[in-house]
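I opened a new notebook for this chain. My plan was to look things up one at a time and write down what came back.

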Amino acid sequence: MQYDILIKKLLLTHDPDGRRLDSERMIHAVGNIMFHASTIAVASNLYSASFQKSDITEIETLGCCEPIGYIITKICKMLCTCSGEGDINSKIISLFDLIGKYSWDAKVVLVLAALATRYGEFWQLIQLYPSNTLAALISSLKLMPCNLRPLKLQIKALSLLVKTMMDVAMCIIKFQSFPLQHVEFENDIFLATKSPIYEAAYWIARSSLACFSQVMDFTTKKHEQVYSDSTIIAAWELSSLAYKLSDIYSNLRGKVEMCHEEIERNLYDRLLNFVREEHIDNQKILTLFFPSKNYLPLKDCSTQVKLGVSDLKNKIVLLLISKPHVHTMEEIFLLVKQTHDHPLNESLRERYKIVWSPLPSSDTWTEAEESSFNFLSDLLPWHAVGRPKVLSSAAEKYIREQWNYKDEPIMVALDSNGKVMNYNALDMIKIWGAGAYPFSASKEAELWQDQNLTMQLLAGDINPLLAYWVEQGKNICLYGGENLVWIQQFNDKITELKRAGVQLETIYVGNNHLGKHVKNIIATSGEISLNDPLSFTNVQFFWFRLESMRRSKLRLGRTPSCDHVLFELLALLDMNNRKENWAVIGSGSSNNVFRLQGKQVMEFLRNCSVWGENIAKLGLSGALRNFLDPTFLAGSCGHSYMVPSTENERQSQETVICQVCKHPMKKFVVYQP
């Protein structure tokens, strides 16, 4: 009964005002101090390598009217004052009065942080004084014991108690981080867990007070006291507290796990039901994906400003799901180029947002994955989750099962109401960039509907000079292969063509394997052809886009037999797989694109003197067509179309090719009265 009254008094001190502390990051920082301070290591999952890198300066506080360091100092002073004789329960109630405005997880973390400062200072001096003069002087002034061997039993009990307190605190933090808005208010499981939370907070405070008192006693023990029974009594007191907390931990951990399972089950069911419901905005679905009590679960990577899901309201949201290291840096650069750096982005950037939401390869994040996430999320120009593990387990399960995520990057497009309009917009963005807005599956089909195989499609905007050549309608030859002798011969023949007056720009694009040999060829291509404008990264962009075109076509159900563009793409990729030499020649947005492979390329160039006279008459594309199809000039065209007189004058010196049958057209002049 008396214990129940004490807990009720404890609850009366609880008067939260909405201030929030990043308890998880704080407990990691505290754990680092405790782990490094103790000379007797106690195994615990808390003290992993990743926690050792926590930075106290990154701990967030919201709504706090005083610095965290200030409140920790006040707690230290109170713990110091409370270390003497007197009613221990009254001291603990006074301590909770001091931190009454904080949530339960923040309370226990602040108390442990205050203990860590004294605990860490003590062990720092102990570890430094044999080799550091300043530490030795301070130790002598504090009358600290030089020989800790007689205190071994007491120190071991202290270390065990600290470890147990940290484990219990982690349980409280986990419970307090649950998105309780996703469970019924009167849920029995959660109601049954709250009472042990209060009890655990009390015993952490009481244990911290005992630890603080005993660390202080280390500096005041006289020589004869070190070897007295008082050391055994002190160790017994700490061990008793550790046993009590261990029992609380076993009970609390089970209840917290049950709460976690209940929340995850509810979240997953709500995600499944979401597609059958009507919504006025995207806030519900985003809250289900990022169900954190931290109301700012996202961040703007470029500014590191914390964001809430409300910042994405009424916007199209592209969820980039990938491993923490995305894929390759070159693919990241291509995505940045096609979105953030795209000419249309300036007018569209407030209408859609990309949110990078990485998933680990296994159930837990590794140190390498966390490091990769932290590095990339500081570089990307998009939004991202604020930290690893923000996505709930239910959301991860939903993404893998319902969105068919298989560890390869996908970009799911949600409309402004939160409905999925494309389960993977990644390929269309690589192909058309921001021009694919609003990134729906219907937009992808629409973009392909009237798209022919053109140099504009193949080259895109991967390089400014190449884009300029395409825009100007210049004749462009893309060529590839790994045979350096063949490349030299090819460029020699191209030089002969240019001397004969043929306007043709050549670009080496290697092959889709992009090995070291291709990289070396690109590095030395300036000595072979001064016109090649593409860097190795640009060449990678070219092949990434071609692979995206292939996947996009196949995803839309197209087949090579019925789709000329897909047929040519597969043929080009197949030539690369066989490591053949090849060339593709075309100009601008014209669909007169010619693919030459193997011996055909050099045969075409060697015979230029035979059919070269056709260039002036038919243009390069017409001459090429005649080379590939000897019946081209002999065939007749029965189609007709009218052109304005100004255009007719411009075409008076060249042959017009029929867009239907691809044969030369006869020219007639029609006069209109």
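**Entry: a covered helix**

Which helices are included in what covers the buried residues of H12? I kept in mind that the model is predicted. I looked up the cover and found that it includes helix H14 (367-377), helix H16 (426-432) and helix H22 (536-555). H12 itself runs over residues 329-338. Its buried residues are Glu331, Ile332, Leu334, Leu335, Val336 and Gln338.

**Entry: the chain as a whole**

Next I looked up the totals. I read 27 helices and 13 strands for the chain. Of its 673 residues, 50% count as buried. I then took the contacts between residues at least 6 apart in sequence, and 74% of them join residues at least 24 apart.

**Entry: the core**

I asked which residues have the most contacts inside the largest nonpolar core. They are Phe289, Phe290 and Phe490, in a core of 189 residues. I followed up on Phe290. I set aside its neighbours within four places in sequence and listed the rest of its contacts. Phe290 touches Pro297, Leu298, Val309, Leu319, Val355, Ser357, Val385, Val390 and Leu391.

**Entry: cavities**

How many cavities of 30 Å³ or more does a search of the whole structure find? I noted five. I picked the second largest cavity, which holds about 60 Å³ of space. Its lining is made of Leu453, Leu458, Glu568, Leu569, Leu572, Val584, Val593, Phe594 and Arg595. Sorted by class, I had seven nonpolar residues, two charged and no polar. Helix H23 (564-577) and strand E13 (594-597) each supply at least two residues of this lining. H23 gives the most, with three residues.

**Entry: cysteines**

I looked for disulfides. A disulfide is a covalent bond between the sulfur atoms of two cysteines. My count for this model came to zero. Cys211 has a relative accessible area of 0%, so I put it down as buried. Cys259 is also at 0%, so it is buried too.

**Entry: links across the sequence**

I began with Ala235, in helix H10 (residues 230-274). Buried or exposed, I asked of Ala235? Its relative accessible area is 4%, and buried means under 20%, so Ala235 is buried. From Ala235 to Lys156 there are 79 residues in sequence, while their C-alpha atoms are 8.0 Å apart. With neighbours within four places left aside, I found Ala235 in contact with Leu153, Gln154 and Ala157.

Then I turned to Phe178. I found Phe178 in the loop between helix H7 (152-176) and helix H8 (188-218). Phe178 is buried because its relative accessible area is 5%. His260 is 82 residues from Phe178 in sequence, and 7.4 Å separates the two from C-alpha to C-alpha.

My last pair was Asn32 and Ala116. Asn32 sits in helix H2 (residues 23-37). At a relative accessible area of 10%, Asn32 is buried. Asn32 and Ala116 are 84 residues apart along the chain, and their C-alpha atoms are separated by 9.4 Å.

**Entry: backbone exceptions**

I kept the backbone for the end. Most residues other than glycine have a negative phi, and most peptide bonds are trans. I looked for exceptions.

Where is Gln304 found? I located Gln304 in the loop between strand E3 (298-300) and strand E4 (305-307). Gln304 is not a glycine, yet its phi is positive, at about 65 degrees. Its relative accessible area is 35%, so I logged Gln304 as partly exposed.

Asp407 also went on my list. Its phi is positive, about 75 degrees, and Asp407 is not a glycine. I found Asp407 in the loop between helix H15 (393-402) and strand E8 (410-414). Asp407 counts as partly exposed because its relative accessibility is 27%.

The bond from Tyr437 to Pro438 is cis, with omega near 10 degrees. Pro438 lies in the loop between H16 and helix H17 (441-449). H16 was already in my notes, as one of the helices covering the buried residues of H12.

Note on methods:
Residues are numbered from 1 along each chain as its sequence is written. This is a predicted model: local features need pLDDT of at least 70, side-chain atom pairs count only at pLDDT 80 or more; totals for chains, interfaces and linings use all residues. Side-chain values use heavy atoms; hydrogens and water are left out. On a 1 Å grid over the protein atoms alone, a cavity is a set of points where a 1.4 Å probe fits but cannot get out, and a pocket is an open set with protein on both sides within 12 Å along at least five of seven lines; lining residues have an atom within 4 Å of a point. Grid points are joined across faces, edges and corners, and a volume is the space filled by probe spheres set on the points. Helices (H or I, at least four residues) and strands (E, at least two) are DSSP runs, numbered from the N terminus. Ala, Val, Leu, Ile, Met, Phe, Trp, Tyr, Cys and Pro count as nonpolar, Asp, Glu, Lys and Arg as charged, and the others, Gly among them, as polar. A nonpolar core is a set of buried Ala, Val, Leu, Ile, Met, Phe, Trp, Tyr and Cys residues joined through side-chain atoms within 4.5 Å. Buried means under 20% relative accessible area, exposed over 50%, partly exposed in between (1.4 Å probe, protein chains only). Contact means heavy atoms within 4.5 Å. A disulfide is a pair of cysteine sulfur atoms within 2.5 Å.
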